[in-house]
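Me: Hi! Could you walk me through this structure in plain words?

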Amino acid sequence: QVQLVESGGGLVQAGGSLRLSCAASVRAFSINSMAWYRQAPGKQRELVAAITRGGSSTYADSVKGRFTISRDDAKNTVYLAMNSLKPEDTAVYYCNVRSPFNDYWGQGTQVTVSS
């Protein structure tokens, strides 16, 4: 069973920073992409950032310049560095890993940004 374990969420004030991590029990050679999504209450889940096997990354316009996605292939871990956080960033953040066979999701970690 593939498992994604997330950590790093919490409560911060506006302008603060957090770093999320997601450790996957999926072999690196099986991973096509890794990504972070988020879902706020009453809203649809949205893509925040993604990184492909080739190393290219994409970001939602709302987080460009503030968030950085990275990965450590040796640890099968993807990170999301979140800087200059805003109250509108408040959401549950989910790690996603796509393989040639399936999509896998983390349990979600709460990020709350106070004003």
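Reply: Happy to; we can go from the overall fold to single residues.

Me: Great. What kind of model is it, and how are residues numbered?

Reply: This is a predicted model, where local features need pLDDT of at least 70, side-chain atom pairs count only at pLDDT 80 or more, and totals for chains, interfaces and linings use all residues. Residues are numbered from 1 along each chain as its sequence is written, and side-chain values use heavy atoms, with hydrogens and water left out.

Me: How many helices and strands are there in the chain?

Reply: The chain has zero helices and 11 strands. Read from the N terminus, the order is β-β-β-β-β-β-β-β-β-β-β.

Me: And what is the radius of gyration of the chain?

Reply: It is 13 Å, which agrees with the value near 13 Å for a compact globule of 115 residues. That radius is taken over C-alpha atoms, and the globule rule is 2.2 Å times the number of residues to the power 0.38. Along the principal axes, the C-alpha atoms fill a box of roughly 40 × 25 × 25 Å.

Me: What share of the residues is buried?

Reply: Of the 115 residues, 42% count as buried. Buried means under 20% relative accessible area, exposed means over 50%, and partly exposed is in between (1.4 Å probe, protein chains only). The accessible surface of the chain is about 6,300 Å², with 47% of that belonging to carbon and sulfur atoms. Those areas come from the Shrake-Rupley method with a 1.4 Å probe, and for residues only the protein chains shown count as cover.

Me: Switching to cysteines: how many disulfides turn up?

Reply: The search of the whole structure finds one disulfide, where the term means a pair of cysteine sulfur atoms within 2.5 Å. Cys-22 and Cys-95 form it, with their sulfur atoms 2.2 Å apart. Cys-22 is in strand S3 (residues 18-24) and Cys-95 in strand S9 (residues 91-98), so the pair ties together parts that are 73 residues apart in sequence.

Me: Is that link left-handed or right-handed?

Reply: The link of Cys-22 and Cys-95 is left-handed, with -85° about the S-S bond.

Me: Are those two cysteines buried or exposed?

Reply: Cys-22 and Cys-95 are both buried, and Cys-95 has a relative accessible area of 0%.

Me: What does Cys-95 touch?

Reply: Not counting residues up to four places away in sequence, Cys-95 touches Leu-4, Glu-6, Cys-22, Ala-35, Trp-36, Val-78, Tyr-104, Trp-105 and Gly-106. Its C-alpha atom is 9.2 Å from that of Tyr-79, which is 16 residues apart along the chain.

Me: Which rings does Arg-45 sit over?

Reply: Its charged end sits over the ring of Tyr-94, 3.9 Å from the centre. Arg-45 also lies over the face of Trp-105, at 4.7 Å from the ring centre. To count, NZ of Lys or CZ of Arg must be within 6 Å of the ring centre and within 35 degrees of the ring normal.

Me: Now the backbone. Which residues other than glycine have a positive phi?

Reply: Asn-76 is one of them, with a phi of about 50°, and Ser-84 has a phi near 50°. For background, most residues other than glycine have a negative phi.

Me: Where do they sit?

Reply: Asn-76 is in the loop between strand S7 (67-72) and strand S8 (77-82), and counts as buried at 15% relative accessibility. Ser-84 is in the loop between S8 and S9, and is partly exposed with a relative accessible area of 41%.

Key. Helices (H or I, at least four residues) and strands (E, at least two) are DSSP runs, numbered from the N terminus. Contact means heavy atoms within 4.5 Å.
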